[in-house]
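The sequence and structure are shown first.

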Amino acid sequence: MAHVFECIVGGRTISIETGRLAQQANGSVLVRYGDTVILVTACASDEPREDVDFLPLIVDYEERLYAAGKIPGGFFRREGRPTQEAILACRLTDRPLRPLFPKGLRNDVQIVSTVLSADQENDPDILSVIGASAALSISDIPFDGPVSAVRVGCIDGEFVINPTFAQLSESTLDLVIAGTKEAVVMVEGGAKEVPESLLIQAMNFGQAANLEIIALQEKLQRACGIPKMKFQSPEIAPELELAVSLILDGSLSRVISIPDRLEREEAISLLKKELLDKLGETFAPRDVLSLFESKLKAELREYILSKGIRPDSRGLTQIRPITCEVGTLPRTHGSGLFTRGGTQVLTITTLGSWNEEQMLDGIGVEESKRFMHHYNFPPFSTGEVKRIGSPGRREIGHGALVERAIAPVLPDEDEFPYTIRLVSEVLSSNGSTSMASVCSSSLSLMDAGVPIKAAVAGVAMGLITGKDGNYAILTDIEGLEDAYGDMDFKIAGTAKGLTALQMDIKLKGVTIDILEKALNQAHDARLLVLEKMNETISSSRPELSKYAPRIIKLTVDPNKIGSIIGPGGRTVRSIIEEAKVTIDIENDGTVYIGATSEEGAKRAIKIIEDLTKEVETGGIYTGRVTRLASFGAFVEILPGKEGLVHISELADYRVPSVEDVVKVGDEITVMVTEIDKMGRINLSRRAVFQGLSRLSGATVKDSLAPNYPFRRRPRLPSSTEPGKRREKPKRTRDL
């Protein structure tokens, strides 16, 4: 039996239906918002996995192009690997759900969100979070939900819940906030340099809307929910607890206080080895290591909360030492190296022409991307040995976060008609590589000469919570604090305001008050990082790298595009081959010329201008003689535009024959004397010789009449009286 529950959110109806589709799943719902429809299912294995010490949660987001009335591109014409947007939607769904599963759950859990209908107005990624929560809530899978998510925009100073794609293009804010009834569990978004205070207001506004959707899910759960499966968190054997405590006996506090990261990690490894050597035969090694990790985490948190000092001896708000460098690589278009403590990222800028934009094949409204940021995390960055393959979800997510942080400061396409690709290579990782990538990307763009509006920096904020509501907010977290802390809040922006943020937590939620303190603390840190970056390079270089292509933008009459392209594209190909350039033509008459040399660019511009130039009467042109006739020579004065120089106009003297003056292939300078009604062009070389300027009113031939060599001879004066005809003399023949 189908059950449907509805409520109004953002001025539109959101409905959650269950009982009609995918009934063999542990839980399944159909969520509709506008004409966007998404099916979300939740399934779990009956037995826990024995070989893992984490929650084996899998979230899949399946885009079906039929949802938007499209047929997939490519040879096979079917969906293949997930698009970047689908991977980001997976991560967006995963992050608010993961903290709400009970600790110790080791059953495989899979969430599958399938987009069935996309109206290209309402983004289905938000519905995936809501649908996953609803499916889990009505299933027998243990879950401490419900949770809801909404998108908040800001248009003309007014907040909007779940803005459409068209509204988002006008919005200064694109914020997704997910929360339970009690707290916020996830925040992610981009902004156009907005202040922290505006972001806090948006969070409160969005959380109020979340409460309405949570109430809707609770109605669904009461009507359709089934009892949860039996689950008991694994308990630690008292004997193991006592044995580990006796062996460690204060060693953890000593190890944690070692400032140098490598020495600290080596000391921790030795402690693990000691425990396994002494207890590995009596207890399961996995249980021994799990207990050690728990004790190390508790000791670290107590150390920070009680002393206000972090493992590397920094204060709570202190940033690790920073060094910056630009121009690191000699032949790239731009490069920036950013090092913060043990984290180091090198970003390279590459500039390309318009036709190198990324083509998109998804259910969204965008068909191409002009700006791309790619993030690589090789195993040597953490001193490990692993297989290097295609980028994973983490790499895709970090790359998209940096891309979102940098995009608001890029110049408009009209101002800077380039395709821009950034690649961040993580060379060393000890926390917050994504925010280091933001900094190195900003440095690289300025080194390349891209006229960005402002420098962008990023910093990751952490959270350590204790008993009785005690907590500490950490600035610029390192790897150990990220692993054993409660929050990873990445915040990026300029000196003016925020451009991107993303929060992951391990708690069941944090209050907006904590987030506000973290934002304000991050603001001060960001300004310090920007100051360090400005010491290396404070603005974009005035000139592009000499190795970067020069993109010249021309505007021609759209009706002349065919003249540039030519039959079958032969003309444009010949220009590309002759001038060694790239040429991209848009339907509105915009022409982009990409060249690596100034000479090639000038040559291409000259050819295109000649192809699209209109011949004007009185204009002087240098052209090539294409063919000869007895009555004159034909001259190509512009590409594809030919005119006739009559034999009488070839010189400023009488020409016996055309061949005596010119031959095929000669270049001569001529003036356009007339364009007749049929579009035929008459030319004069004699007019150029005589130094005549452009005429107005009278034709060139009229102005030349006094000196015209073939004009009619003047009549003899008459000796007869007016009105009488002069008699012709009689002719006689001599005999």
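## Helix across the sheet

Helix α10 (residues 433-448) lies across β11, β12, β13, β16 and β17 (419-428), and runs at about 145° to β12. Helices (H or I, at least four residues) and strands (E, at least two) are DSSP runs, numbered from the N terminus. Contact means heavy atoms within 4.5 Å. Axes are lines fitted to C-alpha atoms, for helices over the stretch in contact, and angles run from 0 to 180 degrees between N-to-C directions.

## Basis of the model

The model is predicted: local features need pLDDT of at least 70, side-chain atom pairs count only at pLDDT 80 or more, and totals for chains, interfaces and linings use all residues. Residues are numbered from 1 along each chain as its sequence is written, and side-chain values use heavy atoms, with hydrogens and water left out.

## The open sheet

In the order β11-β12-β13-β17-β16, 5 strands form an open sheet with mixed pairing; two strands pair if DSSP finds at least two bridges between them. At the edges are β11 (322-326) and β16 (371-376), each pairing on one side only. On average, neighbouring strands of this sheet are turned by 15° against each other, direction ignored.

Strands β12 (residues 334-340) and β13 (residues 343-352) pair in the antiparallel sense over 7 bridges. Arg340 has Thr343 in β13 as its bridge partner.

## Cysteines

The whole structure contains 0 disulfides, a disulfide being a pair of cysteine sulfur atoms within 2.5 Å. For Cys439, the nearest cysteine sulfur is that of Cys324, 7.3 Å away. Cys439 counts as buried because its relative accessibility is 0%; buried means under 20% relative accessible area, exposed over 50%, partly exposed in between (1.4 Å probe, protein chains only).
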